[in-house]
Amino acid sequence: MSAFNAHAGLANAAILAAFGQPVSYQQGVSDPFTVLGVLERKGDEETGAGALYARLFIQTCDFATAPQQGDVTIIAGIAYTVFAVHTDAMGGCWLSLREVS
């Protein structure tokens, strides 16, 4: 791992420690678990019903199995489905979410 990647990973951890909130995450039929995430409720793709509702920043090292499309997360009592996963080389990941209706 390069020095840049190591420092970027530390920055991701610091951001989650400062601004993250606990969220419940469930992959398939496995038991839900809690991770820290930073929720962003807006996005360029938000164009109407069924469009991007929120994005969640997480660290992939908090997951035994990488996040995938179709996973479910519960944030502040609201359930969301992951419809896109955007990872980076430093272990950070943005999850694009749709509210479960």
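Strand E5 (residues 78-87) is joined by seven bridges to strand E6 (residues 92-99), and the two run antiparallel; helices (H or I, at least four residues) and strands (E, at least two) are DSSP runs, numbered from the N terminus, and two strands are taken to pair if DSSP finds at least two bridges between them. The model is a predicted one, in which local features need pLDDT of at least 70 and side-chain atom pairs count only at pLDDT 80 or more, while totals for chains, interfaces and linings use all residues. Residues are numbered from 1 along each chain as its sequence is written, and side-chain values use heavy atoms, with hydrogens and water left out.

Within the pairing of E5 with E6, Val85 is placed opposite Leu95 of E6, and the hairpin that these strands make has four residues between them, with Gly91 adopting a positive phi near 95°. On E5 there is also a pairing with strand E4 (residues 72-75), antiparallel in sense and extending over four bridges, in which Ile74 stands opposite Ala79 of E5. E4 and E5 likewise form a hairpin, here with two residues between the strands, and Ala76 in the turn has a positive phi of about 55°.

A search of the whole structure for aromatic pairs finds five, where rings of Phe, Tyr and Trp (its six-membered ring) pair if their centres lie within 6.5 Å, and planes under 30 degrees apart count as stacked, over 60 as edge-to-face and the rest as tilted. One of these is the tilted pair of Tyr25 and Phe33, at 5.8 Å centre to centre and with 50° between the planes. Tyr25 also forms an edge-to-face pair with Phe63, at 4.9 Å centre to centre and with 90° between the planes. This second pair links distant parts of the chain, since Tyr25 belongs to strand E1 (residues 21-26) and Phe63 to the loop between strand E3 (54-59) and E4, 38 residues apart. Tyr25, Phe33 and Phe63 together form one aromatic cluster, in which Tyr25 and Phe63 are both buried, whereas Phe33 is partly exposed at 24% relative accessibility; buried denotes under 20% relative accessible area, exposed over 50%, and partly exposed in between (1.4 Å probe, protein chains only).

Charged side chains also sit over aromatic rings, a placement that requires NZ of Lys or CZ of Arg within 6 Å of the ring centre and within 35 degrees of the ring normal. Arg55 lies over the face of Trp94, at 4.1 Å from the ring centre, and Arg98 over the face of Phe83, at 4.0 Å from the ring centre.
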